[in-house]
Amino acid sequence: MIDDKFFFEKSVELGFTSTNYQSLVNLHGNGVQCLKTMGCKSVFEFGSGLGFFLSACINNNLYEYMGYDINIYEREFAISKGVNPDRYLLPNGKFKVKGKYDAIYSTEVFEHIYDEELKLILPELSKACTKYFYFTSTPNRTTPEWDAEWGHINLKSKEEWIEMFEQYNFKFH
């Protein structure tokens, strides 16, 4: 079973916290710029991990952001890179999003969460989202060993994700 510390240590091992850090912040900067181009001024990131997107928000002057994740080790790393701890939430009881945001941003997160849990999360994200849900997820299996080690427990096709999200009033754009 994957725990938070294992997942963080795997990220360190793969260079996400060192040699690949800035390029991943830059990559998420593309997401920030896309959202800004679409008129978004506020964003809630579900699955903030090591804080690449949150750091990109800061670097790209999108200051109305909030992040959320379950991994305290990854949150601490993000804070060490300059993310404001008040803008990176950890679970505190039942998942709820306080406030409304122009966009919800979640990249490469949902494949780590079973549908039963997503059915509790998606209504909250839908209520909080006023414009766009910016989402990516790998549809590809690697090897059974790697998928198990990396926690890929919910791989779906694009069409399957669209069908699921439509149940929560998200429309494919």
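The model is predicted: local features need pLDDT of at least 70, side-chain atom pairs count only at pLDDT 80 or more, and totals for chains, interfaces and linings use all residues. Residues are numbered from 1 along each chain as its sequence is written, and side-chain values use heavy atoms, with hydrogens and water left out. Helices (H or I, at least four residues) and strands (E, at least two) are DSSP runs, numbered from the N terminus.

**Sheet**

- Five strands form an open, parallel sheet in the order S3-S2-S1-S4-S5; two strands pair if DSSP finds at least two bridges between them.
- Strand S3 (88-89) and S5 are the edge strands, each pairing on one side only.
- S1 runs parallel to strand S2 (residues 64-68) and is joined to S2 by five bridges.
- Glu45 has Gly67 in S2 as its bridge partner.
- H2 packs on the sheet, where H2 touches S1, S4 and S5 and its direction makes about 155 degrees with that of S4.
- H3 also packs on the sheet, touching S1, S2, S3 and S4, with its direction at about 170 degrees to that of S2.
- Contact here means heavy atoms within 4.5 Å, and angles run from 0 to 180 degrees between N-to-C directions, with axes fitted to C-alpha atoms (for helices, over the stretch in contact).

**Packing of H2 and H3**

- The axes of H2 and H3 lie 7 Å apart, at an angle of about 65 degrees.
- Residues of H2 in this contact include Tyr21, Leu24, His28 and Leu35, and those of H3 include Phe52, Phe53 and Asn59.
- The contact comprises nine nonpolar, six polar and no charged residues; Ala, Val, Leu, Ile, Met, Phe, Trp, Tyr, Cys and Pro count as nonpolar, Asp, Glu, Lys and Arg as charged, and the others, Gly among them, as polar.

**Pockets**

- A pocket is an open set of points on a 1 Å grid over the protein atoms alone, where a 1.4 Å probe fits, with protein on both sides within 12 Å along at least five of seven lines; lining residues have an atom within 4 Å of a point.
- The largest pocket holds about 1,400 Å³ of space, a volume being the space filled by probe spheres set on the points, which are joined across faces, edges and corners.
- Of its 43 lining residues, Phe7, Asp69, Glu108, Val109 and His112 are the closest to the centre.
- The lining of the largest pocket has 23 nonpolar, 11 polar and nine charged residues.
- The second largest pocket has a volume of about 570 Å³.
- S5 gives the most to the lining of the second largest pocket, with seven residues.
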